[in-house]
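Please read them with the structure open.

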Amino acid sequence: MSIKLSSALRLPFYLLTICAIAGSPAAQTRPSLNMYGATGLIDMPSGEMQPDGMLTTTSSHFGPISRTTLTFQITPRLSGSFRFLGVRDWNKNIGCLPACTGSDKFNTYYDRSFDLRYQVLQEGRYRPAVTIGLQDFVGTGIVAGEYVVATKHVTPSVKISAGLGWGRLGSYGSIGSPFGARPPLVIGSGGNFNVDQWFRGPAAPFGGLEWQIDDKWAFKAEYSSDAYAIEAGARRTFDRKSPFNFGIEYQANERIRLGAYAMHGSEIGVSLSFMAQPKKPMTPLRLPAPTPIKPRPDRAKAPDEWSADWVTQADAEQILTSNIGRQLAVDAIAVHSLSVNAQSATLWIDDKTFDSRANAIGRAARAMAYMLPASIETFRIIPVVKGQATVAVTVRRSDLEALENSANPAADLWARTQVEDAARYGAGRPAADLYPMFNWSIGPYFRTSYFDPSRPIRLETGVRAKVDYSPMPGLEFAGSLRMPVLSSLDDPRPASNSALPHVRTDTALYDRDAKPGLEYLTVAKYFRPGKDIYGRVSAGYLEPMFAGVSGEVLWKPATSRYAFGAELNYVAQRDTDMRFGLQNYKVLTGHLSFYADLNRGYSAQIDVGRYLAGDVGATLSVDRSFDNGWKIGAFATKTNVTAAQFGEGSFDKGIKVTIPLTWITGKPSQKVFNTTLRPVSRDGGARLNVRDRLYEKLQEDDSPSYDRQWGRFWR
C-alpha cells in the first residue's frame, strides 16, 4: 500500500522533520491544555505532560460544541481524562421529526468519554517528548481517536508538535491505513472497550506550534486532522472551511488560563482552564507553634528531679492527666486516657484536629516531655478512633531531647521509633470528663447531580442538622436531617427504565418527595475482637435509600501495607419521603475486600460480593493519595448483569475526588470535600453507602502511612 503526502500536508511533515533534528536547551515553557482538556495545542494533542499530580478542569466552547473535561496527571508519564460533551443543533439541519428516538430525540446531544495518555519518551536535548494517546477509548465513540505525537522545544519559548492520528483524528488528509481497516463501532449500551478499533483505519498527520510570548501570553497555531465528519458533515451543525486553527492564551495566574481561538475558518472559540496542584496548597499550612521539648536537668547535678517518689502520690496520675490535657487542649487534642509508672507513660489521644496523624503524635510527645516527671523515659502514644485503640507509637524521651535540633530530625527519630498494634494495651480508662460526648451542627449544604441528558447539571441547597452522641467508648448514635430550600434536583425526570430492582435509578423520586428528608439515623458499635482485628455493627436508617443492619470485620496489621475485610448487610429499601417507612424490597448484600498500599501514595482495593440489586461481581478501585489529604481515584464494577440489563453505560464506573479543607484554608482540619463523578448512575453494581466503614477510618493508622508523614511530627 502506498502512502502519499499531499501538498496540503507539508507543514506537519516539516514539523516532524524538525522534531527529529532539533537540539535545544531544556524546556522553559509550561505544558498547556487544548480544547479537549488534554495537554496539547488547540484541538490537537501534544507530546508533553502536565506536572505530576496536577488536576485540571477545562471548559471550552466553539460553534455548537461545548466540552468540560477533568484531567489528572496520574503519574509523571500517565494521565487520564473524563469529558462531558454537548453538541447543540443536533437535529436542526437534518429534518428529524418529533418521533425521533435515541440520541436524535434531543436537540442538544450529550456524551461522556474517557481518555488515557502515556508518554513513552521524555524530551531531551535532541529527543522530542513522544506520547501515545487513546481518546474516548470507552463509550459511544463519538470523539474516539488514537494518536502518536511528538513535541520538541526549538528555542526556550517555542515548541513544535507533530503527530499521526486515527479515528476522528485521521478523518482529514488521510495518508492511508497502515494497520488495516477500522471495523464498525459497536455501541450497544455504551461503555464498551472498542479495542479492535484502536490504531485502525485511515491515519492522518497533524501538527502545530506554540510560542510563549512572555510569562502571561502565548500564541498557538495548528493544522488539524479532524474533519468533524459528524458535527460538520452528517449533522451540519457548523461549516468547517479550513483545517487551520489559531489562538492566543493568557495565563492569569498559576491556576487560571484563558484562551480565544479562530477555529476551522468559520468559528470563534473560547476556553477556560483551572489548574489545581495537590502538592501545592492554595494557602500554606499555618500551624500554631508547638510546645518546645523541655530538656530534663542533668541527673548528676539534680538527682532529686529524677526521683521516682512521685509514684507514691495517690492522685499523681490524675494530676498528670489534667496537666497534659490542658497542654493539648490548645491543639484541640483530647486526652482519652493516661497510664504512668516510674519509667514509662502511655497516653491515649483522640485527635479531631490534624489531617496528619504524625502531627498529633508529635504534639502529644511534646506535651508529655513538658509535663511528665524526669524519671519517665519511655513515651507510648496511642491514637483512639471511634473509641478503639489503633496503634501504639513508642519513642524515647532522650531521643526527643537529642534529635529536636539535629540535621534530619524526622528521619533520625523515625529510625528509633517503634509502631505496633495497640490491642494489648486496650483504650485505657477514659478521662472523667470525656464521656458522654455530644456534638451537633446546623448549617447549609450543597448537592449536585450531573450528566442527565435533559439537564446536565442539577443543584440543590438547603439546611442540614446533624447530631452525634457517644455515651461510652465505641458506642455512637448519629442522625442527619436535611431540608431543601432551592433545588432543581426535584424537576421532572423520565421514570426509571431499569430491568433491575430500582436501588439507585429511583433517586429522582427521593429528591422529589423528601422535604425534609432523614438522611440517616443510626446506632453503631465499634470494637476490637483481637490483635490486628477491628469490628463494627451499625443499625438503623443507614443511608437515604436503605435501612437495616450492617456488620464488618477488618484485619489490618499495624506494620503491613495490606488489609482484608468482610462486610454483611441486610437492608430494606426506604420510602421515597425519607422518613420512617420501608418498601417491600429487601436484600442480603456483602463483600470480601482486599486493600493494598502500593507505596508512593498509590493504593488499590478489590471488593468481591453481592450488590444491592442482587447481582454478584467485583469492584476495582485505584487511588492516589497525597500527604496533605488529597485523594483522586477511579473505580469500575463488573457483575453478572449483562450490558443490556445494566442499560446505558454497560457497567458502573466513575471518578472519586477528595479535597481537604486544610489545602484551601491553611488551617488544621480533618474536614474534606468528597465528590464522585459517574457517567451514569444505574442499578447494577450499586453498593450500600454505610457511614464510617472501618478501612476509611483506619487507613492512615499503620507504620507505612506514618513513615510517609513523619516529617510532620516536629511541626
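1. Arg236 sits in the loop between helix H2 (229-234) and S10. In this predicted model, Arg236 has a positive phi of about 55 degrees, although the residue is not a glycine. Most residues other than glycine have a negative phi.

2. Lys386 belongs to the loop between strand S15 (378-385) and strand S16 (388-389).

3. Where are the cis peptide bonds to check? One joins Tyr435 and Pro436, with omega about 0 degrees. Pro436 lies in the loop between strand S18 (418-421) and strand S19 (437-452). Another runs from Lys515 to Pro516, with omega near 0 degrees. Pro516 is in the loop between helix H7 (507-513) and strand S22 (517-530). Most peptide bonds are trans.4. Strand S9 (residues 217-223) is mostly covered, with 5 of its 7 residues buried. Strand S8 (residues 204-212) is joined to S9 by 6 bridges and runs antiparallel to it, with Gly208 opposite Glu222. S8 and S9 make a hairpin, with 4 residues between them. Strand S10 (residues 244-253) is joined to S9 by 7 bridges, also in the antiparallel sense. One of the pairs here is Tyr223 with its bridge partner Phe244 in S10.

4. Strand S12 (residues 267-276) can be read in the same way. Strand S1 (residues 55-62) pairs with S12 in the antiparallel sense over 8 bridges, and Phe62 has Gly269 of S12 as its bridge partner. Strand S11 (residues 256-263) is also antiparallel to S12, and 8 bridges join the two. Ala260 stands opposite Val270 in S12. S11 and S12 form a hairpin with 3 residues between them, and His264 in the turn has a positive phi of about 55 degrees. When you look at side chains along these strands, bear in mind a general rule. In a regular strand the side chains alternate between the two faces of the sheet.

5. Is Leu85 buried or exposed? Leu85 is in strand S3 (residues 78-87). Its relative accessibility is 3%, and because buried means under 20%, Leu85 counts as buried. Leaving aside neighbours within four places in sequence, Leu85 is in contact with Ile65, Ser66, Arg67, Tyr109, Tyr110, Asp111, Ile142 and Val143. Of these, Tyr109 is 24 residues from Leu85 along the chain, and their C-alpha atoms are separated by 8.0 Å.

6. Gly614 lies in the loop between strand S27 (602-610) and strand S28 (616-625) and is partly exposed, with a relative accessible area of 23%. Not counting residues up to four places away in sequence, Gly614 touches Tyr585 and Val587. Gly614 and Phe635 are 21 residues apart in sequence, and their C-alpha atoms are 20 Å apart in space.

7. For the chain as a whole, how many helices and strands are there? The protein chain has 11 helices and 31 strands. Its radius of gyration is 30 Å, close to the 27 Å that the globule rule gives for 715 residues, so the chain is as compact as a globular protein of that length. Along the principal axes, the C-alpha atoms fill a box of roughly 95 × 65 × 40 Å.

8. Burial and contacts complete the overall picture. Of the 715 residues, 53% count as buried. Among contacts between residues at least 6 apart in sequence, 60% join residues at least 24 apart. The chain exposes about 30,900 Å², and carbon and sulfur atoms supply 59% of that area.

9. The last point is charge. The protein chain carries 82 positive and 69 negative side chains. The centres of these two sets lie 3 Å apart.

Methods
Residues numbered from 1 in each chain as written. Predicted model: local features only at pLDDT ≥ 70, side-chain atom pairs only at ≥ 80, totals over all residues. Heavy atoms only, no water. Rg over C-alpha atoms; globule rule 2.2 N^0.38 Å. Buried < 20%, exposed > 50% of the residue type's maximum accessible area, 1.4 Å probe, protein only. Contact = heavy atoms within 4.5 Å. Areas by Shrake-Rupley, 256 points an atom, 1.4 Å probe, with all protein chains shown as cover. Lys, Arg positive; Asp, Glu negative; His and termini not counted. Charge placed at Lys NZ, Arg CZ, Asp CG, Glu CD. Pairing = 2+ DSSP bridges.
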